[in-house]
Number of protein chains: 2
Amino acid sequence: MTEQKLPAATRGPSDHTLRDQIVNAAMEYFSHYGFEKTTVSDLARSVGFSKAYIYKFFSSKQEIGEVICASCLTQITQRLNAALEEAPSATEKMQCLFQTLTVAGSELFFRERRLFDIAAAASRDRWSSAERYEAWLRETTVAILREGREAGEFERKTPLDETAAAVYLVLRPYADPVQLQAALDTAKEDASRLAALVLRSLAP
Amino acid sequence: MTEQKLPAATRGPSDHTLRDQIVNAAMEYFSHYGFEKTTVSDLARSVGFSKAYIYKFFSSKQEIGEVICASCLTQITQRLNAALEEAPSATEKMQCLFQTLTVAGSELFFRERRLFDIAAAASRDRWSSAERYEAWLRETTVAILREGREAGEFERKTPLDETAAAVYLVLRPYADPVQLQAALDTAKEDASRLAALVLRSLAP
């Protein structure tokens with residue numbers, strides 16, 4: 001389900017505000033009680049809206065989760081974009097991609113808000129927000145590789161597609177909340193080690 | 001808990017045989033009904049031993065799981081050792097490590113016996129069999145790197161420890177049943193792509 005399909009888009013600003021209120025209340029609720037084992041009824045009871053009222057705006061719990069998830073992932077991509085813009089070379093951009101992704105993901109999914117539950121469901125069940133995020137990460141990887149090849153920082157013998165697919169595979173465990181959780185204690189150090197390995201593989 | 005601590009070691013051949021019977025029956029049982037949600041009582045009822053009889057040989061369900069897990073992981077290490085012996089160079093050994101690990105793990109955990117449940121518990125709860133397996137994989141990685149450095153196939157500028165730690169991080173998702181499951185459809189192709197990236201990073 002894409003955001004364009006959500007009913008709120010055609011319901012005007014007043015409904016928008018009500019919809020945002022539900023999303024904010026749901027985000028607070030899910031970050032305390034988890035996403036998987038709670039229902040729309042639980043949520044409605046806790047936040048003081050009627051279940052029918054929530055269903056006026058969202059067809060399912062997943063639809064609420066999608067909006068929360070999309071908002072979290074947008075925070076990560078914005079943070080990554082800002083960090084990448086400051087990195088002066090493709091080499092530093094590649095290090096930055098591994099580092100910032102790991103730090104931002106760790107903070108968002110595990111520390112600040114404990115939205116791990118939603119992120120894990122999104123990743124496991126291939127929600128559209130998770131798929132868009134993955135596509136964005138792949139494109140960002142390709143853009144850094146292309147920049148590095150053009151600047152003579154990276155080798156050009158290996159087909160770009162092949163290199164991009166392989167680098168993305170190395171990066172993926174740090175983009176996926178479930179895999180990130182499995183090695184959270186060492187994730188930052190591991191990501192920096194992997195960036196160094198990837199950069200050695202890209203040497204001209 | 002190590003195998004040396006198990007009581008059967010001091011009970012003579014007859015008990016050994018009885019213990020093996022229980023392990024074989026348990027392996028069959030767990031591969032059908034799973035490991036996590038079954039109990040020693042379920043197992044006893046199904047295989048026709050009394051619960052007390054099983055507890056004569058094993059102090060807990062995990063202890064039975066440990067023996068099964070150790071036996072599975074031994075199968076993988078034997079298969080890997082045989083494949084590595086046939087690989088004529090360190091470069092081919094590195095490709096072989098990624099390929100064989102992925103194929104053997106996929107077959108053992110997901111196709112042949114569906115022992116995924118036990119392997120996942122072993123990995124998540126850091127059973128001693130899983131830790132020994134991880135240590136063996138790390139040592140094998142170091143041995144291949146050392147061979148390649150001595151033969152002039154691999155670069156020697158990066159400290160060996162650093163390279164080994166990074167290569168192991170790339171390899172790890174294919175050694176871990178939970179991570180392997182997340183991308184099982186493309187695991188073989190992915191592993192080959194990652195081996196190629198690792199080999200580019202090792203180029204002298």
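A residue is called buried here when its relative accessible area is under 20%, exposed when that area is over 50%, and partly exposed in between, with a 1.4 Å probe and protein chains only. By this rule B:Asp190, which has a relative accessible area of 5%, is buried.

## Basis of the model

This is a predicted model, in which local features need pLDDT of at least 70 and side-chain atom pairs count only at pLDDT 80 or more, whereas totals for chains, interfaces and linings use all residues. Residues are numbered from 1 along each chain as its sequence is written, chains are lettered from A and ligands numbered from 1 in the order in which they are written, and side-chain values use heavy atoms, with hydrogens and water left out.

## Fold of chain A

Chain A holds 10 helices and zero strands, where helices (H or I, at least four residues) and strands (E, at least two) are DSSP runs numbered from the N terminus. The C-alpha trace of chain A spans about 60 × 35 × 25 Å along its principal axes, and 52% of the 204 residues of chain A count as buried. Among the contacts in chain A with a separation of 6 or more, 69% join residues 24 or more positions apart, a contact being heavy atoms within 4.5 Å.

The UniProt record, an unreviewed entry, lists residues 16-76 of chain A as "domain: HTH tetR-type"; its positions are given in the numbering used here, feature names are shortened, and annotations may be inferred rather than shown by experiment. In the model, the span of residues 16-76 of chain A is 80% helix and 0% strand, and its end C-alpha atoms lie 24 Å apart.

## Helix 6 of chain B

Helix 6 of chain B covers residues 116-124, and seven of its nine residues are buried, so this helix is largely enclosed by the rest of the structure. The buried residues are B:Phe116, B:Ile118, B:Ala119, B:Ala120, B:Ala121, B:Ala122 and B:Ser123. After helix 6 of chain B comes B:Arg126, which has a positive phi, near 50°.

## Interface between chain B and chain A

At the interface, 21 residues of chain B are in contact with 21 residues of chain A. The area buried between the two chains is about 1,800 Å², with carbon and sulfur atoms giving 63% of it; buried area is the accessible area (1.4 Å probe) that two parts lose on being put together, summed over both. In chain B, the residues that lose the most area to chain A are B:Arg193, B:Leu197 and B:Arg200, together 32% of what that side buries.

The rule for polar contacts finds two residue pairs across this interface, both at pLDDT 80 or more; such a contact is a pair of N or O atoms within 3.5 Å, where within protein one must be able to donate a hydrogen and the other to accept it, and residues adjacent in sequence count only if both atoms are side-chain atoms. Helix 8 (160-175), helix 9 (177-182) and helix 10 (187-202) of chain B each supply at least two residues of the side that touches chain A, and the largest share, 10 residues, comes from helix 8 of chain B. The residues of this side divide into 11 nonpolar, four polar and six charged, with Ala, Val, Leu, Ile, Met, Phe, Trp, Tyr, Cys and Pro counted as nonpolar, Asp, Glu, Lys and Arg as charged, and the others, Gly among them, as polar.

## Salt bridges between the chains

A salt bridge is a side-chain nitrogen of Lys or Arg within 4 Å of a carboxyl oxygen of Asp or Glu, and the count between chain B and chain A is six. Leaving aside its neighbours within four places in sequence, B:Asp190 is in contact with A:Leu169, A:Arg172, B:Tyr174 and B:Ala183.

## Salt bridges within the chains

Over all chains, a search of the whole structure finds 24 salt bridges. A:Glu147 forms a salt bridge with A:Lys93, with 3.4 Å between the closest N and O atoms; A:Glu147 lies in helix 7 (residues 128-150) and A:Lys93 in helix 5 (residues 90-112) of chain A, so the pair ties together parts that are 54 residues apart in sequence. A:Glu147 is partly exposed at 31% relative accessible area, whereas A:Lys93, at 14% relative accessibility, counts as buried.

In chain B, B:Glu189 pairs with B:Arg193 in a salt bridge whose closest N and O atoms are 3.6 Å apart, and these two residues, four residues apart in helix 10 of chain B, are separated by about one helical turn. B:Glu189 counts as partly exposed at 47% relative accessibility. In chain A, a network of salt bridges links A:Arg126, A:Glu131, A:Glu134 and A:Arg138.
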